[in-house]
Amino acid sequence: MATVEMSFTPLPVHVRTARLVATAVARRSGVGEALLDEVRLAVGEACSRAVEAHQAQCPDEPVRVELTGGNGRFEVVVTDAVAAGPDDGTSSSAQPAGWPEPANGVANGTSPLDQSGPPQGLGLAVIAGLADDVQFARTPAGLSITMSWPSDGTS
Amino acid sequence: MDLKLDHHTRDGIEVVDVEGEIDVYTAPRLRELLIELVNNGHYQLVVNMEKVEFLDSTGLGVLVGGLKRVRAHDGSLDLVCTQERILKIFRITGLTKVFGIHDTVDEAITARKSEK
């Protein structure tokens, strides 16, 4: 069972609340002060991505966040309720569209200035750069992003 | 904290002072300001981020969008930032190679003037 669970209406204004709660639980779980900024930013990125996906496909469904501390790790799971699409990139690679190659700082290895719109995948690049460990899971309920950091707490 | 925006002209360069959090909720306001400045003919921009407490990828996208707009008019968009936690995001995404990032507004203006 997660230490703290929350769900919120997929609106940008609530992402800040999710960031603040995640940071508070991380601190309580024994995550070092030096890592709290990384937790805050990575959780915000994951929630922003989920909100964007929900607004496009299922605006009435809440975004779910589970925060678990203990056993030397602080784990965050952000789950959206967006069904897999034919071109969401998960069918062949088990990773969402826009996920950057490991060696690249920017998604798809292209300069953001080469793109016609706002840079895609920057949020995922940020998550990959900040979280100590990141995993994706596509389930019937939606896409889960699991991130974790070391902690010295037990609960 | 919410986002506070202000701007003023200095030595022919428009300086945008940003304070607070730039995230998925507040970034559209910064985007609107940058678009307004470009539409009003300001193509040399310096965005002062010294009082920015939080920046996410949405904010990065707005800054990249602003840079694209001014470059379409042979302009520039430089940043002022010394905060390590903000600079780290630029490094992770490789955007330190895209933006000119300076320690002070004076330095940013001087650097821009010297390139003219």
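**Exercise 1.** State how many contacts beyond four places in sequence the model has for residues 114-119 of chain A.

*Solution.* Begin with the confidence: pLDDT, the predictor's confidence in each residue from 0 to 100, stays under 50 over residues 114-119 of chain A. Next, apply the criterion for a contact: the C-beta atoms of two residues, placed from the backbone, lie within 7 Å. For this stretch the model has 8 contacts beyond four places in sequence. For chain A as a whole, the mean pLDDT is 80, and 74% of its residues reach 70 or more. Residues 86-110 of chain A also have pLDDT below 50, with 46 contacts beyond near neighbours in sequence.

This is a predicted model, in which local features need pLDDT of at least 70 and side-chain atom pairs count only at pLDDT 80 or more, whereas totals for chains, interfaces and linings use all residues. Residues are numbered from 1 along each chain as its sequence is written, and chains are lettered from A and ligands numbered from 1 in the order in which they are written.

**Exercise 2.** Describe the sheet of chain B, giving its strand order and its edge strands.

*Solution.* Strands (E, at least two residues) and helices (H or I, at least four) are DSSP runs, numbered from the N terminus. Two strands pair if DSSP finds at least two bridges between them. The sheet of chain B is open, with 5 strands in the order β1-β2-β3-β4-β5 and mixed pairing. Its edge strands, β1 (4-10) and β5 (100-102), each pair on one side only. Finally, β1(B) and β2 (residues 13-22) of chain B run antiparallel and are joined by 7 bridges; B:Asp6 has B:Asp17 in β2(B) as its bridge partner.

**Exercise 3.** Which helix gives the largest share of the side of chain B that touches chain A?

*Solution.* First, 19 residues of chain B are in contact with 21 residues of chain A. The largest share of that side of chain B, 8 residues, comes from α2(B).
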